[in-house]
Amino acid sequence: VVGVVGVVGVVGVVGVVNHNNMPIHILRVFNTGSTSTSNVVAAMYECEARGANVVNMSLGSTKKSSLFQPALDKILGRNDRIIFIAAPGNAGDLSYGWPASMPEFVSVTSLDSKKERSFFSQYNNQIDLAAPGSNILSTHPSNRYANFMGTSMAAPHVSAVVAKIWSHKPSMRAKQARVLLESTAEELGSKGRDNSFGWGMVDALTAYRVLVPPYHSCRFVAHV
């Protein structure tokens, strides 16, 4: 996941944000293959306390916990400069994954190299955006590279794009960042939002061009 977001280098792979100027705070919530909702919520609070603007949550559950809503209400009620990106799940059906399917989260479905929905990816009415998640080459803890797949690989692509765009306009609020990404996404399905791709595939360049218009778009007025 971190390799997708911000690995820096000239050999192998590079992250979406491939420079040293973006701090990344990594929190470990899994002791084995699972964890408790309370651990995840505690991590959300810590991310806010550390000043995070973008929180990537490549995790999820088929069961909705009542612990998430109070935490979100507190965090988002006092901080309008933090956005939560999450993976909806890999069951390949219409079921919901939590917390990604909560409206406060940006839920990211997975695409393959043909820009088609990955066979394993969830698709439902809570999907917001799509991003690559099939056969993603990234860094591995054993000092090597490996291929990964899942919505957990799609989510950090969006998280990294949000962080990169935000760096060009630090005053931007979370709602503005979300609208920007959704309105500039590349449509892949039905016009507008659909259950397979959400608003479409995240498009960093188009979002940047909308946020930071090129100089030739400026109007010059001659005074004579």
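The model is a predicted one. Its protein chain holds six helices and six strands. Of its 224 residues, 42% count as buried.

**Overall layout**

- From the N terminus, the order of elements in the protein chain is α-α-β-α-β-β-β-β-β-α-α-α.
- Among contacts in the protein chain with a separation of 6 or more, 60% join residues 24 or more positions apart.

**Packing of α5 against α6**

- Helix α5 spans residues 174-184, and helix α6 spans residues 204-211.
- Their axes come within 9 Å and cross at roughly 120°.
- The crossing of α5 and α6 is right-handed.
- On the α5 side, the contact is made by Leu180, Leu181 and Thr184.
- On the α6 side, Thr206, Ala207, Val210 and Leu211 make the contact.

**Packing of α4 against α5**

- The axes of α4 and α5 come within 11 Å and cross at roughly 115°.
- This crossing is right-handed.
- Helix α4 brings Val158, Val161, Val162, Ile165 and Trp166 to the meeting.
- Helix α5 answers with Ala174, Ala177, Leu180 and Leu181.

**Packing of α2 against α3**

- Helix α2 (residues 37-49) and helix α3 (residues 68-78) pack with their axes 10 Å apart, at an angle of about 5°.
- That makes α2 roughly parallel to α3, because angles under 35 degrees count as such.
- From α2, the residues involved are Thr37, Val40, Val41, Met44, Tyr45 and Glu48.
- They meet Phe68, Pro70, Ala71, Leu72, Lys74, Ile75 and Arg78 in α3.

- Ser65 sits in the loop between β1 (54-57) and α3.
- Ser65 is buried, with a relative accessible area of 17%, because the cut-off is under 20%.
- A polar atom of the Ser65 side chain lies 3.1 Å from the backbone nitrogen of Leu67.

- Asp128 is placed in the loop between β3 (105-111) and β4 (129-132).
- Its relative accessibility is 9%, so Asp128 counts as buried.
- The side chains of Asp128 and Arg178 are joined by a polar contact of 3.0 Å.
- Leaving out residues up to four places away in sequence, Asp128 touches Phe105, Val106 and Ser107, among others.

**Leu111 in strand β3**

- Leu111 lies in strand β3.
- At 1% relative accessibility, Leu111 counts as buried.
- Setting aside neighbours within four places in sequence, Leu111 is in contact with residues including Glu116, Arg117 and Ser118.
- Ala130, Ala131, Pro132, Gly133 and Ser134 are also among the contacts of Leu111.
- Further contacts of Leu111 include Leu188, Phe197 and Met201.
- Leu111 and Ser121 are 10 residues apart in sequence, and their C-alpha atoms are 8.1 Å apart in space.

**Aromatic pairs**

- A search of the whole structure finds three aromatic pairs.
- In one of them, the rings of Phe84 and Phe105 have their centres 5.5 Å apart and their planes at 45°, so this pair is tilted.
- Phe84 lies in strand β2 (residues 83-86) and Phe105 in strand β3, so the pair ties together parts 21 residues apart in sequence.
- Both Phe84 and Phe105 are buried.
- Tyr96 and Trp98 have ring centres 5.8 Å apart and planes at 45°, so this pair is tilted.
- Tyr96 is partly exposed, with a relative accessible area of 33%.
- Trp98 counts as buried, at 14% relative accessibility.

Conventions:
Residues numbered from 1 in each chain as written. Predicted model: local features only at pLDDT ≥ 70, side-chain atom pairs only at ≥ 80, totals over all residues. Heavy atoms only, no water. Helix = DSSP H or I, 4+ residues; strand = E, 2+ residues; numbered from the N terminus. Buried < 20%, exposed > 50% of the residue type's maximum accessible area, 1.4 Å probe, protein only. Polar contact = N/O pair within 3.5 Å; in protein donor to acceptor, adjacent residues only side chain to side chain. Contact = heavy atoms within 4.5 Å. Phe/Tyr/Trp six-rings, centres within 6.5 Å; stacked < 30°, edge-to-face > 60°. Axes fitted to C-alpha atoms, helices over the stretch in contact; angles between N-to-C directions. Left-handed = near helix turned anticlockwise from the far one by under 90°. Parallel < 35°, antiparallel > 145°, perpendicular 65-115°, else oblique.
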